[in-house]
Amino acid sequence: MNNMERADIAIIGTGPAGLEAAITATIRNKKVLLLGSRDLSRKLTRAQEIQNYLGFPAVRGEDLAKAFQAHLDQMGIEILEERVSAVYAMGDYFALQAGEQMLEASTVILATGVVQGKPLPGESENLGHGVSYCATCDAALVRGKGVAVVGYSPKEEAEAAFLGEICPEVLYFPMYAGEVSLPDSVTVVKEKVTGLEKRDGQMAVLAGDKAYAAASVFVLRDAVAPGQLVPGLETEGAHVKVNRRMESSLPGLFACGDIVGTPYQYIKAAGEGNIAALSAVGYLEEMKHKA
Amino acid sequence: MVKKIDGQAFQTEAKAADVAVVDFNATWCGPCKMLSPVLEAVSEELGDKVSFYAVDVDDNPDLAAEYRVQSIPCLVLMKKGAFVDQSIGFKPQAAISGWISGNL
């Protein structure tokens, strides 16, 4: 389908849950927008051997992924390779920030897997009050001030470089191993960040045995927690709160797979993907009758 | 309706209102753009009790600094000019009207 027209169901994630949801929704003749990776799921392809997937005794993850891909090809389902950074509940539809594009869908199925790793101590408490997740959003508010960036992947170096153009001092804390390439306007601090603190109305980045002062700290991660991906979504720890129909706290938004909780099993994820798709189809029917 | 105002109208109108919700935003901020139609819908819902305004932080840096706006979008709720509460980031309509009603 043309990405500019509103999809019936946008599915975020290409592990077993997202793929099964896409297959079921396609069988039910819905306009599906499947967002994820053409390599499907790293967790899946890296699995050495899966022993309890129905019909595939002792299958290697890579081979199961190939079987999934063949199933998608047979049904003509394509994957749009974009990272979704935000899902906005607009009322009667959802807007998805996917890379530079804004996509629209009547319903959304979240199947992004579970986010490993906890926020830094002091991160959540100071969000919006010295801690920011979006350099381009809040750049104008820190113009002329000293800031710090905690980057979890080399991709975030571009954001730090951008802040270097408008801030007199930028400290960059890489939370990964390997080369860091940044212009002279950014100071790289190769110390592991252990926490963030508010001190005298300023932020302090605790790293090594020192505290580094900054007006604002930008914490930039590859994977975002579900409550951050979908503002207003009810969560329980790292998981999205859903009922047996895979309905979340937001009408029209469903979740399935590891993101809704344990057990983290492939066959359970696929089953939930099936439920989520059928629930989304039911929701679309209801909407049609209301209109 | 959400009324776009500058620093002067902020002093005369927003601060004088019984209950005012001020949306601090900017043209280049994605979440702000998404929040604006949602806030418009909230204003239809609660417009008889609450006055709604929008302030561009680029045009009004002093106001943004005065209200310690560090992340946008940022909604500031005031009663007769006195700060009551703020809400940061995009939120769905029900969450925003719930937040406002809880502060009435």
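Is B:Cys74 buried or exposed? B:Cys74 is buried, as its relative accessible area is 1%. The model described here is predicted.

## Cysteines and the disulfide

Across all chains, a search of the whole structure turns up 1 disulfide. The bond links B:Cys29 with B:Cys32, and the S to S distance is 2.2 Å, which falls within the 2.5 Å that defines a disulfide. A disulfide is a covalent bond between the sulfur atoms of two cysteines. The torsion about the S-S bond of B:Cys29 and B:Cys32 is about 85 degrees, so this disulfide is right-handed. B:Cys29 and B:Cys32 are both buried.

A:Cys167 is buried, with a relative accessible area of 4%.

## Nonpolar cores

The largest nonpolar core has 36 residues, of which A:Ile9, A:Ile11, A:Ile50 and A:Ile109 touch the most other members. Two or more residues of this core come from each of these elements of chain A: β1 (7-12), α1 (16-27), β2 (32-35), α3 (61-75) and α7 (266-290). The most are given by α7(A), with 9 residues.

Leaving aside residues up to four places away in sequence, A:Ile11 touches A:Gly18, A:Ala21, A:Ala22, A:Val32, A:Leu33, A:Leu34, A:Leu35 and A:Ile109.

## Helix α3 of chain A

α3(A) is 15 residues in length, and from its first C-alpha to its last it reaches 21 Å, close to the 21 Å expected at 1.5 Å a residue. The buried residues in α3(A) include A:Gly61, A:Leu64, A:Ala65, A:Phe68 and A:Leu72. These residues lie on the same side of α3(A) because they cover an arc of only 100 degrees around the axis. An α-helix has 3.6 residues a turn, so residues three or four places apart point the same way.

After α3(A) comes A:Gly76, which has a positive phi, near 70 degrees.

## Strands of chain B

β2(B), which spans residues 19-25, has 7 of its 7 residues buried, so the strand is largely enclosed by the rest of the structure. From β2(B), B:Val19, B:Val21, B:Asp23 and B:Asn25 point one way, while B:Ala20, B:Val22 and B:Phe24 point the other way. Both sets are buried.

β2(B) pairs with β3(B) in the parallel sense, over 6 bridges. Within this pairing, the partner of B:Val21 in β3(B) is B:Phe52, and B:Val22 stands opposite B:Tyr53. β2(B) is also joined by 6 bridges to β4(B) (residues 74-79), and these two strands run antiparallel. Here the bridge partner of B:Phe24 is B:Cys74, the buried cysteine of the opening question.

β3(B) (residues 51-56) has 5 of its 6 residues buried, so this strand too is largely enclosed by the rest of the structure. β1(B) (residues 2-4) is joined to β3(B) by 3 bridges, and the two strands run parallel. In this pairing, B:Lys3 has B:Tyr53 as its bridge partner in β3(B).

## A residue inside β2(B)

B:Ala20 belongs to strand β2 of chain B. Its relative accessibility is 0%, so B:Ala20 counts as buried. Not counting residues up to four places away in sequence, B:Ala20 touches B:Ala14, B:Val50, B:Ser51, B:Tyr53, B:Val76, B:Leu77 and B:Met78.

B:Ala20 and B:Leu75 are 55 residues apart along the chain, and their C-alpha atoms are separated by 9.9 Å.

Terms used. Residues are numbered from 1 along each chain as its sequence is written. Chains are lettered from A and ligands numbered from 1 in the order in which they are written. This is a predicted model: local features need pLDDT of at least 70, side-chain atom pairs count only at pLDDT 80 or more; totals for chains, interfaces and linings use all residues. Side-chain values use heavy atoms; hydrogens and water are left out. Buried means under 20% relative accessible area, exposed over 50%, partly exposed in between (1.4 Å probe, protein chains only). A nonpolar core is a set of buried Ala, Val, Leu, Ile, Met, Phe, Trp, Tyr and Cys residues joined through side-chain atoms within 4.5 Å. Helices (H or I, at least four residues) and strands (E, at least two) are DSSP runs, numbered from the N terminus. Contact means heavy atoms within 4.5 Å. The expected span of a helix is 1.5 Å times one less than its number of residues. The arc is that of the directions from the helix axis to the C-beta atoms. Two strands pair if DSSP finds at least two bridges between them.
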